[in-house]
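Subject: Handover of a structure

Dear colleague,

I am passing on the structure below, and I would be grateful if you kept it open while reading the notes that come after it.

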There are 2 protein chains.
Amino acid sequence: MRRIVVLSGGIGGARFLRGLQRAAPEADITVIGNTGDDIHLFGLKVCPDLDTVMYTLGGGIHEEQGWGRADETFTVKEELAAYGVGPEWFGLGDRDFATHIVRTQMIAAGYPLSAVTEALCRRWQPGVRLLPMTDDRVETHVLIDDGAGGRKAVHFQEYWVRLRASVPAHAVVPVGAEQARPAPGVLEALAEADLVLFPPSNPVVSVGTILAVPGMREGIAEAGVPVIGLSPLIGGAPVRGMADKVLAAVGVESTAAAVAQHYGSGLLDGWLVDTADRDAVTVVEADGIRCRAVPLLMTDVDAAADMARAALDLAREVRAA
Amino acid sequence: MRRIVVLSGGIGGARFLRGLQRAAPEADITVIGNTGDDIHLFGLKVCPDLDTVMYTLGGGIHEEQGWGRADETFTVKEELAAYGVGPEWFGLGDRDFATHIVRTQMIAAGYPLSAVTEALCRRWQPGVRLLPMTDDRVETHVLIDDGAGGRKAVHFQEYWVRLRASVPAHAVVPVGAEQARPAPGVLEALAEADLVLFPPSNPVVSVGTILAVPGMREGIAEAGVPVIGLSPLIGGAPVRGMADKVLAAVGVESTAAAVAQHYGSGLLDGWLVDTADRDAVTVVEADGIRCRAVPLLMTDVDAAADMARAALDLAREVRAA
């Protein structure tokens, strides 16, 4: 299983990938990154998930925070605020700004996001091939109450970062996904893959958005290789983030078993749940998805590597079956 | 002489303006700023002269340097360099970047530069009305040797900052000036002016570029008020910058008298030269331009205020004549 394709969101996906690199140092890893939570801020194109993967694997991440740059300063943001220009709720640091400035300049010059991402990665050398899911614009919107008896759509980042998912999400819509095409290299990577992994990223707004790009599910199915996922929920709660809030919006219970069922046996061959959720194993297997319970808390790179090894073991088991 | 219009470049103009504000605290000052050395860097619109005036009068300038922000850091620039993205020869600091980000975002949203400048000045409160000479794009190019027997045009900033004016300039061309229209408010300010001043800014690439905008010279002439200039040269050398290099390109000798003659008696009513150039007084007056010799070294705000008082005195003298 040399060629591995990983559908990744931000922090959880990035930390898992670092474990995968340690567990399978010889593997040729392609990451299909979620771009649904990309946002234009201050006229600059910001790709939070791609950057989190790039910074994490390239050694530039703010470790404790999980996103943004280490040794970051916020001079530009403070100056923008002095001009009365916001939003102030999105934490863009000075080092991070440079990434967005380069990206925006390249996009304005006509380069697609995939080419821009490749250029940025020449600096970071993440050790994986990082591809955006699409070069087309997809923007995840969340439907919330408008406070006047109706509903309104807000950008995912506004829901997630500004509102901290504190209000009910009635629907999650990846606007533009239906018209989007997989970025160059995405379908090729899937066609050549020996294994497809869903890291413990958000099943709705990260992996779900990637799967919403037409051709992606078909590409995975046609690869005919094991598809293994890792539960982002432990004991019915998200390890990090607020996955439960957006799961409710799509009518999925916040349990490791329900997320596996949401992906479905048509897509998923194997599923890892945390040892705290060992009761889910029989439920998931009853749905035709091979399931194992292992520790899923990514306390450090070693723990993430153990999780990756468990995923690789499960893939071998699926293939041998 | 309550309503004063000043045609200003960067450092010299800005420092003179600070003196003028002290000398004439009740005056209603409109600054027509040069935009010919504006440049797009990293996809951002940078307006060096407008910003130097804004920062200087707004209390944000790096005093010793004369341009850029006080207490500046260069994190964004260092990060851009780490991406291999330049130019590295243009010193944009983090605080300064915020100004260019706001400006670029507003221009992308459809606001003309004059409206953007007004918005930026709401923060800085420079105490003058700061207008770009035009909302249209004008870019000063300098014709230099191409090293292969021919000639090539480079952006003024490349000539000035990167090459430090170290190679001969064969011509200075304000590209786009012929098609440019004065920004809203410019002609109105001239029509209502009691006095027009040329501060000791570069006569070619600062004041000269402003005068190259069609309608500007006519607007000054039709105002029918004293037009008083201050020599940027002392003892045949520029006080600051490299004005002599671009004067040579337009065939003007580097002397206080030659610059007055370059502006001409059709435009200029009065001219101040430094006491070191007192011999120029009779030469200039022979050309029909009233001339006085006073200290023109802007060592501090007091010295600049004295220069402004001398200019106001000369204007009264012209008007009384």
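Predicted model: local features only at pLDDT ≥ 70, side-chain atom pairs only at ≥ 80, totals over all residues.

Residues are numbered from 1 along each chain as its sequence is written, chains are lettered from A and ligands numbered from 1 in the order in which they are written, and side-chain values use heavy atoms, with hydrogens and water left out.

The two chains

In the interface, 25 residues of chain A are in contact with 25 residues of chain B, contact being heavy atoms within 4.5 Å. Because 100% of the interface residues of chain A are also interface residues in chain B, the copies meet through the same surface. Between them the chains bury about 2,100 Å², 65% of it on carbon and sulfur atoms (buried area is the accessible area, with a 1.4 Å probe, that two parts lose on being put together, summed over both). Of the area that chain A buries against chain B, A:E79, A:Y83 and A:R123 supply 32%, more than any other three residues.

A sheet in chain A

Chain A has an open sheet of three strands in the order β7-β6-β8, with antiparallel pairing; strands are DSSP runs of E with at least two residues, helices runs of H or I with at least four, both numbered from the N terminus, and two strands pair if DSSP finds at least two bridges between them. β7 (151-155) and β8 (171-175) of chain A stand at the edges with a single partner strand each, so one side of each is left without a neighbour in the sheet. Five bridges join β6(A) (residues 139-145) to β8(A), and A:H141 stands opposite A:V173 in β8(A).

A helix in chain B

Eleven of the 15 residues of α4(B) are buried, so this helix is largely enclosed by the rest of the structure; buried means under 20% relative accessible area, with a 1.4 Å probe and protein chains only. Among them are B:F97, B:I101 and B:M106. After α4(B) comes B:G110, whose phi is positive, near 105 degrees.

With best wishes

Terms used
Buried < 20%, exposed > 50% of the residue type's maximum accessible area, 1.4 Å probe, protein only.
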